[in-house]
Amino acid sequence: MIKEFKEFSTGALLKVANEELLKLSYNKSEPIGLYTFIWSKNTNVNIEIDGIVATIEKNKIVVLTPEQYFKFINGTDIIVYQFNREFYCIKDHDKEVSCMGVLFYGNSAISVVELDTKEQNKLDQLHKVFLDELDTVDTIQAEMLRMLMARFIITTTRLIKQQNNYNKLGEQIDLLRNFNILVDTHFRKEHAVGFYAEKLFKSPKTLSNNFSKFEKSPLQVIHDRIILEAKRLLIYTDKSTKEIAYEIGFEDASHLSRMFKKHTAISPSDFKKQLKSEPTR
């Protein structure tokens with residue numbers, strides 16, 4: 001089952017589907033291209049994200065951004081939602097849904113939302129309304145579908161905040177969200193905490209103190225994002241370490257190599273050699 005809504009005047013696209021969409025479109029690793037929710041209903045689902053093979057356990061939702069490399073391995077009883085920024089721009093609507101920097105573009109390589117029975121039932125009902133609206137072609141169909149997607153995003157954002165205990169952090173959660181968004185925007189050129197602290201009107205020390213309740217320091221978040229991008233480029237391109245270093249803001253490739261080895265215990269060149277010894281992705 002694959003249902004699509006297209007708005008030709010704006011280029012807006014929404015897809016609501018099951019595992020058929022994943023089997024047809026993602027049998028090899030490539031950028032997923034759309035904001036995506038993959039909901040494993042009653043069985044485990046095996047996927048690959050940015051070179052990492054992962055299992056989505058039942059009653060969990062994986063959240064992907066368009067830039068992430070994705071491959072579907074196997075699984076059944078799946079619900080998939082996909083949309084582009086023309087359908088629903090998460091940046092423009094962030095005041096409404098507060099998902100930037102937490103649900104999308106957070107500091108976790110793979111965002112997973114856990115569902116309890118109550119939330120499963122709530123999203124099951126929402127899914128039925130989605131399907132009904134996709135079959136209702138009229139002048140307000142686009143508006144209705146956007147409202148439903150906003151509701152889905154709000155629900156999953158609340159859940160991921162709850163499971164990470166973000167709700168106890170008060171204003172600090174907004175600082176974390178804004179920091180994550182800035183890092184994803186600027187990490188290719190800016191690697192120092194001071195740059196981001198200035199953008200947030202904080203001193204580096206104040207910013208670090210505010211992160212004391214989080215699992216990672218500001219510098220760790222920056223480095224993790226750099227290493228994630230380096231791995232993507234090593235896995236999915238033929239670029240040399242020197243070219244990759246330059247692309248993500250290092251004038252000297254040795255600086256990237258030292259950071260990469262500190263985080264992964266191997267050098268970029270050894271990481272690349274390991275990939276060549278593995279089966280083709």
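Leaving aside its neighbours within four places in sequence, with which residues is Ser111 in contact? The legends below take up this residue and then its surroundings. The model is predicted, so local features need pLDDT of at least 70 and side-chain atom pairs count only at pLDDT 80 or more, whereas totals for chains, interfaces and linings use all residues. Residues are numbered from 1 along each chain as its sequence is written, and side-chain values use heavy atoms, with hydrogens and water left out.

**View 1. Ser111 in strand β10.** Strands (E, at least two residues) and helices (H or I, at least four) are DSSP runs, numbered from the N terminus. Beyond the neighbours within four places in sequence, Ser111 is in contact with Ile61, Val62, Val63, Val102, Leu103 and Ile160, contact meaning heavy atoms within 4.5 Å. Ser111 is buried, with a relative accessible area of 8%; buried means under 20% relative accessible area, exposed over 50%, and partly exposed in between (1.4 Å probe, protein chains only). Strands β7 and β10 run antiparallel and are joined by 4 bridges, with Val63 standing opposite Ser111.

**View 2. An open sheet of 6 strands.** The order is β1-β2-β9-β4-β7-β10 with antiparallel pairing, where two strands pair if DSSP finds at least two bridges between them. The edge strands, each pairing on one side only, are β1 (2–7) and β10 (111–114). Neighbouring strands of this sheet are turned by 15 degrees against each other on average, direction ignored. Strand β2 (residues 12–17) pairs with β9 in the antiparallel sense over 4 bridges, and Val16 stands opposite Tyr81 in β9.

**View 3. Helices α3 and α4 on the strands.** Helix α3 (residues 117–134) lies across β1, β2, β4, β7 (60–64) and β9, and runs at about 120 degrees to β2. Helix α4 (residues 141–163) packs on the sheet and touches β1, β2, β4, β7, β9 and β10, its direction making about 90 degrees with that of β10. Axes are lines fitted to C-alpha atoms, for helices over the stretch in contact, and angles run from 0 to 180 degrees between N-to-C directions.

**View 4. Aromatic pairs around Phe83.** The structure holds 15 aromatic pairs. Tyr35 and Phe83 form a stacked pair, 5.5 Å centre to centre with 25 degrees between the planes; rings of Phe, Tyr and Trp (its six-membered ring) pair if their centres lie within 6.5 Å, and planes under 30 degrees apart count as stacked, over 60 as edge-to-face and the rest as tilted. This pair links distant parts of the chain, 48 residues apart: Tyr35 lies in strand β4 (residues 35–40) and Phe83 in strand β9 (residues 78–83). Tyr35 counts as buried at 10% relative accessibility, and Phe83 is buried at 0%. Phe83 and Phe87 form a tilted pair, 6.3 Å centre to centre with 55 degrees between the planes.

**View 5. Helices α8 and α10.** Helix α8 (residues 218–236) and helix α10 (residues 253–264) pack at an angle of about 100 degrees, with their axes 10 Å apart. Helix α8 is therefore roughly perpendicular to α10, a term for angles of 65 to 115 degrees, while under 35 counts as roughly parallel, over 145 as roughly antiparallel and the rest as oblique.
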